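Please read each point alongside the sequence and the coordinates.

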Amino acid sequence: MGFLIHSGTLVCMDQAGTVARGDLLVRDGKIAALGPAVGDALAALPPAERPDSFDATGALVVPGLIQGHLHLCQTLFRGMAEQPNLLRWLTERIWPLEAAHTEASLAASARLGLLELVASGVSCVHDMGTVRHTETIGVVLEQTGVRAIFGKALMDQGVGVPAALIETPAACLAEARALARRFQGAAGGRLAVSLAPRFVLAASTRLWEAVAAESQASSLLVHTHLAESMSETRAVASAVSTTAARYLAQRGLMTERLVAAHGVWLDLEELMLVEGARASLVHCPGSNLKLGSGIAALGDWLRLDLKRGLGSDGAACNNRLDLFHEMGLAAGLARVRHPERPPTARAILALATSEGARALGLDQVGSLEVGKQADVAVVDVRGPHHGPAAEADPYTALVHAARASDVRLTLVAGRVLYRDGSWTTLDPDTVRAEARAEARGLARRAELSAAA
Ligand SMILES: [Zn+2]
């Protein structure tokens, strides 16, 4: 039977830059047809044979948004971690809180994050979990219906890291392999697993080299943080006598399977190293501003055409999980950093769609094209915060005016996850109640000091 989205403006994000009034037909989880007359042909069918439909009048139909860097385990920490410095934020709040997670609190954190994400048009997440209980995240992702690449954080060292978050390289890789056996390609291909060494300071050379070998043997992506803040960059230099990017390159990690968040403090030579290896960077401007980390050189990323995405990072360092917010910040900050070559609004939207998919090696999503997976979001542009010409310049409307609350429909592989204020796989009252209860227990177990 399928599903028909009709009477919208299709913003396809394909190579040709197609923007057209029309309809989008989904069959068997994929985009079966696109165009102005798709719905008309179906109208001739007997009512019993017509697909379920959604009226997208006054709305933009876009590829489902791709969160390129996220920590669902941190959603419950929102508002509990306000240190304006990465290393203090980690040691005083995030690591103690992560160490206090139980399976129940982790599941509550992931569900609260996904409640927000699917209602904001996100169809795919690239998530770094915490050290323990990552299987729980996989189960929640499976149940919720989003597309995801996720991995457990790999940590075997670090100043200020609680003992509960430190494992031996053999133990953490064994668990990562077990996650991959269970979830790689699961849920009809919606789920994939990555290896996620947290950052240079939290992983030994032995662990990095083991991750490089494992990734080469298994083809799993490697998800990490890279050159996020200046104080971290100084600490890395004193720990390994070089920069993080050069250190990773020396250990065989700088490959087309590396997806690194931030890259704020990469110099031009390092950016060329990333580009030459076909590795990917994920821009997280909201997190970089809130933690006072800096402004990444997005203009250089675009000029070098390196693989790139956009992410909110965790709810504890943003504090929104809203890619519309990130797109606006990315556009504005790029104008500040490189006023001589401001990116187009389409290039910014690509970070969260077509380029975001390329960064994660996902060739079946990121654009609206026949045969691709039906990962789709519908964004209403009739609100008072949109100009009357929003549909004439959809890229500008999406990047500079749209809000998460403009999203009316989110589909993943043709399945409706969110429609006009209702979730199909999550009960919002239950998710919020569970989150409140689990957040209280988490803070108690973490024994956070109010003065910290
Ligand atoms: Zn992060």
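1. Gly361 counts as partly exposed because 16 other C-beta atoms lie within 10 Å; a residue is buried if 20 or more other C-beta atoms lie within 10 Å of its own, exposed if 12 or fewer, and partly exposed in between, with C-beta atoms placed from the backbone. Gly361 is placed in the loop between α15 (354-359) and β15. Helices (H or I, at least four residues) and strands (E, at least two) are DSSP runs, numbered from the N terminus. The C-alpha atoms of Gly361 and Leu221 are separated by 8.8 Å, although these residues are 140 apart along the chain.

2. On conventions, this is a predicted model, in which local features need pLDDT of at least 70 and side-chain atom pairs count only at pLDDT 80 or more, while totals for chains, interfaces and linings use all residues. Residues are numbered from 1 along each chain as its sequence is written.

3. Thr353 is found in the loop between α14 (345-351) and α15. Is Thr353 buried or exposed? Thr353 is buried, because 30 other C-beta atoms lie within 10 Å. Leaving aside neighbours within four places in sequence, Thr353 is in contact with Met13, Val62, Pro63, Leu65, Ile66, Gly366 and Ser367; two residues are in contact if their C-beta atoms, placed from the backbone, lie within 7 Å.

4. The protein chain is assigned domain 1 (3-63 + 374-423) and domain 2 (65-359), the bounds coming from an automatic or database domain assignment. Taken over C-alpha atoms, the centres of domain 1 and domain 2 are separated by 30 Å. Contacts join 23 residues of domain 1 to 25 residues of domain 2. On the side of domain 1 that touches domain 2, two or more residues each come from β5 (59-63), β15 (376-380), α16 (394-401), β16 (407-412) and β17 (415-419). The most is given by α16, with 5 residues. By class, this side of domain 1 has 16 nonpolar, 4 polar and 3 charged residues, where Ala, Val, Leu, Ile, Met, Phe, Trp, Tyr, Cys and Pro count as nonpolar, Asp, Glu, Lys and Arg as charged, and the others, Gly among them, as polar.

5. Two packed helices are described by the angle between their axes and the distance between the axes. For α3 (residues 103-118) and α4 (residues 134-144), the axes come within 9 Å and cross at roughly 35 degrees. Axes are lines fitted to C-alpha atoms, for helices over the stretch in contact, and angles run from 0 to 180 degrees between N-to-C directions. The crossing of α3 and α4 is right-handed, meaning that the near helix is turned clockwise from the far one by less than a right angle. On α3 the contact involves Glu103, Leu106, Ala107, Ala110, Arg111 and Leu114, and on α4 it involves Thr136, Ile137, Val140 and Thr144. These residues of the α3 and α4 contact divide into 6 nonpolar, 2 polar and 2 charged.

6. Within α4, the buried residues are Thr134, Thr136, Ile137, Gly138, Val140, Leu141 and Thr144. They pack against α3, β7 (122-128), β8 (147-151), α5 (169-183) and β10 (191-197).

7. His262, in strand β12 (residues 258-262), has a positive phi of about 85 degrees. His262 counts as buried because it has 29 C-beta neighbours inside 10 Å. Arg278 has a positive phi near 60 degrees and lies in the loop between α10 (268-277) and β13 (280-283). With 15 C-beta neighbours inside 10 Å, Arg278 counts as partly exposed.

8. Which peptide bond is cis, with omega near 0 degrees? The bond in question runs from Asn318 to Asn319, and Asn319 lies in the loop between β14 (307-310) and α13. Helix α13 (residues 323-337) has 15 residues and reaches 20 Å from its first C-alpha to its last, close to the expected 21 Å; the expected span is 1.5 Å times one less than the number of residues. Among the buried residues of α13 are Leu323, Phe324, Met327 and Leu333.
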